[in-house]
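Q: I have a model open on my screen and I'd like to learn how to read it. Can we go through a helix and a sheet together?

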Amino acid sequence: MIRGVDPAARSGDVVQVYDKRGALFGRGLYHANSNIAVRLLTRGDVPVDGAFWRGALQQAVALRETLRLAEATDAYRLVHAEGDGLSGLIVERYADCLAFGVFSLGMFQRIELVAGILKTLLGPAGSLERPDATFDDWRVIVRADERMQRIEQFDVPPPREALSTVTIREHGVRYRVDVAAGHKTGFFCDQRDNRLRFARLCRDAEVLDLCCYTGGFGIAAAVLGGARDVTAVDLDEDALAMARKNADLNGRRIHFAHADAFNYLRQMIDNGRTFAAVVCDPPKFATTRDEFDDALRKYHDLNALAMQVVRPGGLLLTCSCSGLVSPLRFIDTIHAAARRAGRTVQRFDLSGAGGDHPVLMNCPESEYLKAVWLRVI
């Protein structure tokens with residue numbers, strides 16, 4: 001769709017974008033070799049200068065303040081890429097740490113600028129571990145997927161300081177987050193509201209947390225929901241080690257199983273083991289369009305197995321974080337899985353990420369998380 005590029009433009013530069021009539025359309029970050037040639041930042045004749053960056057970040061912080069997130073947690077998304085008008089950039093707050101997830105060379109080149117503005121807007125970096133932390137005590141860590149670094153042609157250097165785990169709070173539950181080596185930026189803030197709601201439906205229940213990562217749903221069910229028994233399953237040994245620490249941190253006894261979720265479910269079916277509440281939150285199965293069909297098969301198989309270990313009348317919360325899989329397609333896949341499993345299911349809700357993951361109406365693709373709430377009969 002690009003007719004031509006000024007030879008002087010270099011990857012990472014802010015460039016002016018003109019429409020086919022030659023009128024100035026806006027300005028954005030350019031990359032000569034990326035799948036996304038221009039990440040638009042402004043429309044019309046609006047400069048991308050210091051005032052722009054401060055204004056955009058101020059708007060992002062203001063939304064989180066309006067949502068009063070600090071009353072419930074000190075871990076939330078501060079910048080949600082396109083949702084906040086800053087394509088290629090994610091920023092999470094974890095207590096006194098700002099964790100950057102970078103998907104664009106242009107954004108990578110401006111991390112120090114963005115971090116400096118965010119520190120000014122956020123004020124002192126107080127946390128559970130450092131309640132007296134000051135403005136200068138914010139810690140910054142930068143993460144980027146290796147594939148994205150190759151495409152966008154930048155290299156994230158190792159952190160300057162020894163920063164591994166940070167302790168956060170969420171609805172009264174405490175979690176340790178590995179910001180240096182954990183998945184994505186270390187924790188899944190997008191499931192915060194779903195964790196609380198699931199927990200409230202688990203009173204005296206036997207709970208199965210599939211693909212538990214660091215124990216979010218299972219520990220919330222035990223601490224906040226009063227679940228009688230919780231089993232948490234994951235294939236990642238490092239994640240399970242952190243999950244055990246999180247259970248100890250909250251004084252709860254959780255049964256952890258190091259296993260592939262598919263194989264574990266088959267074993268439970270063979271053993272005749274069932275649960276009153278099951279949550280299934282697997283990793284992204286469709287990272288590229290080439291993986292789309294295979295991802296649907298995995299979602300189908302996993303849900304067909306999961307439904308067979310839910311007691312009649314029990315709860316199944318099943319999730320997909322694959323943005324390429326639409327809500328309708330995911331629901332259709334679950335319906336097909338129910339037919340295969342021979343179970344009747346009632347869908348009583350469909351939810352997604354919390355309000356700190358806003359979606360611009362002209363960019364619905366960024367609404368990636370789907371959480372389907374089911375009663376299995």
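This is a predicted model: local features need pLDDT of at least 70, side-chain atom pairs count only at pLDDT 80 or more; totals for chains, interfaces and linings use all residues.

Q: Which residues of H1 are buried?

A: They are Phe52, Trp53, Ala56, Leu57, Ala60, Val61 and Arg64. Look down the axis of H1 and these buried residues fall within an arc of 160 degrees, so they line one face of the helix. On the other side, Ala51, Gln59, Glu65 and Thr66 are exposed.

Q: What span should the 17 residues of helix H1 have?

A: Count 1.5 Å a residue: H1 (residues 50-66) should span 24 Å, and its end C-alpha atoms are 24 Å apart, which agrees.

Q: What caps the N-terminal end of H1?

A: Aspartate 49 does, with a side-chain oxygen 3.2 Å from the backbone nitrogen of alanine 51. Just after H1, check arginine 68, which takes a positive phi of about 55 degrees.

Q: Now the sheet. In what order do the four strands come?

A: Read them as S4-S5-S6-S7, an open sheet with mixed pairing. S4 and strand S7 (139-143) are at the edges with a single partner strand each, so one side of each has no neighbour in the sheet. On average, neighbouring strands here are turned by 20 degrees against each other, direction ignored.

Q: In what sense do S5 and S6 pair?

A: Strand S5 (residues 89-94) and strand S6 (residues 97-102) pair in the antiparallel sense, over six bridges. For one of the partners, take leucine 89: its bridge partner in S6 is valine 102. H3 packs on the sheet and touches S4, S5, S6 and S7; the direction of H3 makes about 145 degrees with that of S6.

How values were computed
Residues are numbered from 1 along each chain as its sequence is written. Side-chain values use heavy atoms; hydrogens and water are left out. Helices (H or I, at least four residues) and strands (E, at least two) are DSSP runs, numbered from the N terminus. The expected span of a helix is 1.5 Å times one less than its number of residues. Buried means under 20% relative accessible area, exposed over 50%, partly exposed in between (1.4 Å probe, protein chains only). The arc is that of the directions from the helix axis to the C-beta atoms. A polar contact is a pair of N or O atoms within 3.5 Å; within protein, one must be able to donate a hydrogen and the other to accept it, and residues adjacent in sequence count only if both atoms are side-chain atoms. Two strands pair if DSSP finds at least two bridges between them. Axes are lines fitted to C-alpha atoms, for helices over the stretch in contact, and angles run from 0 to 180 degrees between N-to-C directions. Contact means heavy atoms within 4.5 Å.
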